[in-house]
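Hi,

Here is the structure I promised to pass on. Have a look at it first, and then read on for what turned up.

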Amino acid sequence: MKPIALSTILAGIALIGLTAFVGTSRPTLELSYTNDCQDSIDWQSHLEAEGFDVRAAQVSNLSLSEQKAMMITPAPMRDCKIGRVAGYSVIGEVPSGDIVTLLRRKPADVIALALDGPAQETVAIHYDGSVERRRSE
């Protein structure tokens, strides 16, 4: 009998979990990124592989709501790309698992997730400007 790789099993479990979460529809993440933004194709591909429908657009200026979300975000966590999914902002390359957790829990006091790159933590940003940290997996 041939051993099965643990990563294959974990990937299958994650896919089953996401499928159970989204049912037959895929959550749509609308991604805006500025002209000076570094390539984000790998992150987009990862999100699509995890069950998201990513609609990306290069923009010269972020929309007013996107600018507001960026202004609330602590300066070191601001990014040149911002996504919108189910009414939440996703700033930077936040891991898909953290986005799925946000969509499952639907916290009313959270407006955005951001990635604190150096600390490798996903940060939930609340309406009052406070942040809640969660180590990325």
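Predicted model: local features only at pLDDT ≥ 70, side-chain atom pairs only at ≥ 80, totals over all residues.

Before anything else, a word on burial: a residue is called buried under 20% relative accessible area, exposed over 50%, and partly exposed in between, with a 1.4 Å probe and protein chains only.

Residues are numbered from 1 along each chain as its sequence is written, and side-chain values use heavy atoms, with hydrogens and water left out.

Now the overall layout. The protein chain has four helices and seven strands (DSSP runs numbered from the N terminus: H or I with at least four residues for helices, E with at least two for strands). Along the sequence they come in the order α-β-α-β-α-β-β-α-β-β-β. Of the 137 residues in the chain, 39% are buried. The accessible surface is about 8200 Å², and carbon and sulfur atoms hold 55% of it; areas come from the Shrake-Rupley method with a 1.4 Å probe, and for residues only the protein chains shown count as cover. If you look at contacts (heavy atoms within 4.5 Å) with a separation of 6 or more, 48% of them are between residues 24 or more positions apart.

On to the inside. In soluble globular proteins, nonpolar side chains tend to be buried together. I used "nonpolar core" for a set of buried Ala, Val, Leu, Ile, Met, Phe, Trp, Tyr and Cys residues joined through side-chain atoms within 4.5 Å. The largest one here has 18 residues, and Leu29, Leu47, Phe52, Val90 and Ile99 have the most contacts inside it. At least two residues each come from β1, α2, β4, α4 and β5, with α4 giving the most, four residues. There is also a second, separate core of 12 residues, which includes Val59, Met77, Ile111 and Val123.

Once residues up to four places away in sequence are set aside, Leu29 touches Leu47, Asp53, Val54, Arg55, Gly83, Arg84, Val85, Val90 and Ile99.

How much of α4 is covered? Seven of the 10 residues in α4 are buried: Ser96, Asp98, Ile99, Val100, Thr101, Leu102 and Leu103. Just after α4 comes Lys106, with a positive phi of about 50° even though Lys106 is not a glycine. Lys106 sits in the loop between α4 (96-105) and β5 (110-116) and is exposed, with a relative accessible area of 58%. Ala86 is another non-glycine with a positive phi of about 50°; its loop runs between β3 (81-85) and β4 (88-91).

Then the cysteines. Searching the whole structure for disulfides (pairs of cysteine sulfur atoms within 2.5 Å) gives one. Cys37 is joined to Cys80, with S to S at 2.1 Å, and the link is right-handed, with 60° about the S-S bond. The two cysteines are 43 residues apart and tie together distant parts of the chain: Cys37 is in the loop between β1 (28-34) and α2 (41-49), and Cys80 is in the loop between α3 (64-72) and β3. Cys37 counts as buried because its relative accessible area is 13%, whereas Cys80, at 22%, is partly exposed.

A few other loop residues to check:

- Thr73 is in the loop between α3 and β3 and is buried, at 1% relative accessibility. Apart from neighbours within four places in sequence, Thr73 is in contact with Arg78, Ile91, Ala114 and Ile125.
- Gly51, in the loop between α2 and β2 (53-59), is buried at 14% relative accessible area.
- Pro118 is in the loop between β5 and β6 (121-126) and counts as exposed, at 79% relative accessibility. From the C-alpha atom of Pro118 to that of Pro76, 42 residues apart along the chain, the separation is 9.2 Å.

Cheers
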